Amino acid sequence: MSRTALIVIDVQESFRIRPNWQAVNHPDIADRVNRLVRAARDNGDLVVWVLHTEPGTGGAFDPAEGNVRLIEGLAPIDGEPLLAKTSHNAFTTTNLQQILTQHGVTEVVISGIRTEQCCETTARVASDLGYDVVFVTEATATTPLPHWTLPADATLDEILADPRTLSPEIVTERTEYALAGRFATIRTLEELTAVPVAS
């Protein structure tokens, strides 16, 4: 049975319909994730898909609005779980841990949206649960992070004009600093998708 699982977190249309997607650092996130998915399947690893839902809110993450679905180009195959969560991390409101236990998984590879939010939070929880965690920052995506005092309805232009706004590059760097050596090992797409040389 597989001992490694690739966790694909919230790579869903909900994000693409929001105005701040125009400033996302990795608009090709689906392609990046697909590279990991292909490598995981080739290795016989488990792939677990997770979608974020906020039922009854009428927003981008409300399943009733039709956007809580994987970004075009991504699709599970038979045997790959597709979970719906309502918490930031992928464990608390799903049976992810049970699935990983059933498959004998001891290492998880984290990818998805957003780098510093659901991906980082899942990595921290996974580490606390005893998993070896690999965080593939290049296969995560995020958008500019506004200062917490900025109104929730601030426009993208207002967010970008605010000198306190953190760029995706800074957000990503801070996530790596927080995770590396504590909660996860940072790995690159190239490291995880390179074809091994036959001996």
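1. Helices (H or I, at least four residues) and strands (E, at least two) are DSSP runs, numbered from the N terminus. The expected span of a helix is 1.5 Å times one less than its number of residues. This note concerns a predicted model, in which local features need pLDDT of at least 70 and side-chain atom pairs count only at pLDDT 80 or more, while totals for chains, interfaces and linings use all residues. Residues are numbered from 1 along each chain as its sequence is written, and side-chain values use heavy atoms, with hydrogens and water left out.

2. Helix α6 covers residues 168-179, twelve in number. From its first C-alpha to its last, α6 reaches 16 Å, close to the 16 Å expected at 1.5 Å a residue. After α6 comes Gly181, whose phi is positive, near 75 degrees.

3. Which residues of α6 are buried? They are Pro168, Val171, Thr172, Thr175, Ala178 and Leu179, where buried means under 20% relative accessible area, exposed over 50%, and partly exposed in between (1.4 Å probe, protein chains only). These residues cover an arc of only 125 degrees around the axis, so they lie on the same side of α6; the arc is that of the directions from the helix axis to the C-beta atoms. An α-helix has 3.6 residues a turn, so residues three or four places apart point the same way. On the other side of α6, Glu169, Arg174 and Tyr177 are exposed. The cover over the buried residues of α6 includes α4, β5 and β6 (185-186).

4. Glu120 belongs to helix α4 and is buried, with a relative accessible area of 10%. Leaving aside neighbours within four places in sequence, Glu120 is in contact (heavy atoms within 4.5 Å) with Arg114, Thr115, Phe135, Thr175, Ala178 and Leu179. Among these, Thr175, Ala178 and Leu179 are buried residues of α6.

5. Glu120 also forms a salt bridge with Arg124, the closest N and O atoms being 2.9 Å apart. A salt bridge is a side-chain nitrogen of Lys or Arg within 4 Å of a carboxyl oxygen of Asp or Glu. Because Glu120 and Arg124 are four residues apart in helix α4, about one helical turn separates them. Arg124 is partly exposed, with a relative accessible area of 30%.

6. By this rule the count comes to nine salt bridges. One of them joins the side chains of Lys85 and Asp10 (2.9 Å, N to O). Why does this pair tie together parts that are 75 residues apart in sequence? The reason is that Lys85 lies in strand β3 and Asp10 in the loop between β1 and α1. Lys85 counts as buried at 0% relative accessibility, and Asp10 counts as buried at 1%.

7. Another salt bridge links Arg187 and Glu191, with the closest N and O atoms 3.3 Å apart. Here Arg187 counts as partly exposed at 28% relative accessibility, and Glu191 counts as partly exposed at 46%.

8. A search of the whole structure finds two aromatic pairs. Rings of Phe, Tyr and Trp (its six-membered ring) pair if their centres lie within 6.5 Å; planes under 30 degrees apart count as stacked, over 60 as edge-to-face and the rest as tilted. Phe15 and Phe61 form an edge-to-face pair, at 5.1 Å centre to centre and 75 degrees between the planes. Phe15 lies in helix α1 (residues 13-16) and Phe61 in the loop between β2 (46-52) and β3 (82-85), so this pair ties together parts that are 46 residues apart in sequence. Both Phe15 and Phe61 are buried.

9. The rings of Phe91 and Tyr131 have centres 6.0 Å apart and planes at 25 degrees, so this pair is stacked. Phe91 counts as buried at 8% relative accessibility, and Tyr131 counts as buried at 9%.

10. The largest nonpolar core has 28 residues. A nonpolar core is a set of buried Ala, Val, Leu, Ile, Met, Phe, Trp, Tyr and Cys residues joined through side-chain atoms within 4.5 Å. Those with the most contacts inside this core are Leu6, Val8, Val11, Ile29 and Ile113. The largest share, six residues, comes from α2. Not counting residues up to four places away in sequence, Ile29 touches Val11, Trp21, Ile71, Gly112, Ile113, Ala139, Thr140 and Ala141. A second, separate core of 24 residues includes Leu96, Ala123, Ala126 and Leu179.
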